[in-house]
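Please keep the sequence and the structure in view while working through the points below.

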Amino acid sequence: LLEVLPVVWQTVGLLGFLILYVRFVFGFISRRFERQADLASAEIMGTSLPLRTALEKIGLAYGNIRNAKSWHHIGIAERVQYLLYADIDPIVCLRHNRAVHRMKREGYVLVLCWVIWSAWQTGSGLDELDLMQSGIQSQAGQHISGGLEQSELAHWRRVRMLIPDSAEASLRLAEILQNRPDTTPSHKQMVRLLAEEALRNASTTQEIMRAQAILQKINQETKTEPIP
């Protein structure tokens with residue numbers, strides 16, 4: 001149950017974020033572009049009268065919804081009133097277009113920042129992976145001998161480097177290191193980290209059981225170690 005709860009909370013959080021985004025952010029952007037389309041129509045035709053007339057007819061045809069409001073659409077009455085303001089004062093159209101262009105620029109900046117942040121996160125993750133791989137290689141050089149074991153260790157290191165979330169690769173590395181008789185506390189810590197990583201990335205019951213077995217063995221060995 002404790003392992004399932006984080007996934008449930010992540011799902012709930014994601015759904016909540018999507019609902020808030022669609023309700024407020026998407027609705028706000030949609031209304032801005034809708035108003036820009038109204039102003040563009042009035043500008044092309046030279047007057048907003050045809051569009052205002054069409055909107056009033058739509059409001060009557062669909063059950064007198066002229067004053068109805070929507071979270072993603074501007075009400076018909078408000079659209080008609082704004083078009084009247086635009087006919088009287090052309091600055092209204094210019095001001096709104098500037099606001100929309102500013103919103104677009106801010107959106108581009110946010111996207112660019114997100115791309116840079118994602119690239120930085122990816123680079124940091126690769127650096128951490130390189131450090132961990134170097135640690136595994138160092139531990140392997142100290143604790144693993146024999147061409148077959150070294151070849152197998154190198155193979156699963158390559159798999160883990162290509163597929164960072166591969167639970168099988170983490171489990172194989174942990175099992176290889178754990179089965180060595182000449183273990184040290186730092187060696188066991190590396191095995192523990194690999195098993196915990198495999199437990200986080202596990203997609204099958206068998207992988208979860210293998211990771212738990214490794215952790216259980218490490219915990220038992222830690223309890224039986226003499227206190228210095």
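Cys93 has a relative accessible area of 14%, and because buried means under 20%, Cys93 counts as buried. The model that gives this value is a predicted one.

**Cysteines**
- Cys113 has a relative accessibility of 43% and therefore counts as partly exposed, since that class lies between the 20% limit for buried and the 50% limit for exposed.
- A disulfide is a covalent bond that joins the sulfur atoms of two cysteines.
- The number of disulfides counted in this model is zero.

**The largest pocket**
- The largest pocket holds about 220 Å³ of space.
- Its lining is made up of 13 residues, and those closest to the centre of the pocket are Ile65, His73, Ile74, Ile76 and Arg79.
- Two helices, α2 (49–61) and α3 (76–88), each contribute at least two residues to this lining.
- By class, the lining of the largest pocket comprises seven nonpolar, three polar and three charged residues.

**The second largest pocket**
- The second largest pocket holds about 190 Å³ of space.
- Among the residues that line the second largest pocket are Phe28, Arg31, Arg32, Arg35, Lys69 and Glu78.
- His73 and Ile74 also line the second largest pocket, and both are listed with the residues closest to the centre of the largest pocket.
- Helix α1, which covers residues 4–45, gives the most to the lining of the second largest pocket, namely four residues.
- This lining contains five charged, four polar and two nonpolar residues.

**Arg79**
- Arg79 is part of helix α3 and is among the residues closest to the centre of the largest pocket.
- Is Arg79 buried or exposed? With a relative accessibility of 15%, Arg79 counts as buried, because this value is under 20%.
- When neighbours within four places in sequence are left aside, Arg79 is in contact with Glu34, Asp38, Leu55 and Ile74.

**Confidence of the prediction**
- The average pLDDT of the protein chain is 80, and 81% of the residues score at least 70.
- Over residues 140–145 the pLDDT stays under 50.
- For residues 140–145 the model has 15 contacts beyond four places in sequence.

Notes
Residues numbered from 1 in each chain as written. Predicted model: local features only at pLDDT ≥ 70, side-chain atom pairs only at ≥ 80, totals over all residues. Heavy atoms only, no water. 1 Å grid on protein atoms, 1.4 Å probe; cavity = no way out; pocket = protein on both sides within 12 Å on 5 of 7 lines; lining within 4 Å. Points joined across faces, edges and corners; volume = space filled by probe spheres on them. Nonpolar A, V, L, I, M, F, W, Y, C, P; charged D, E, K, R; others polar. Disulfide = S-S within 2.5 Å. Buried < 20%, exposed > 50% of the residue type's maximum accessible area, 1.4 Å probe, protein only. Contact = heavy atoms within 4.5 Å. pLDDT = per-residue confidence, 0-100.
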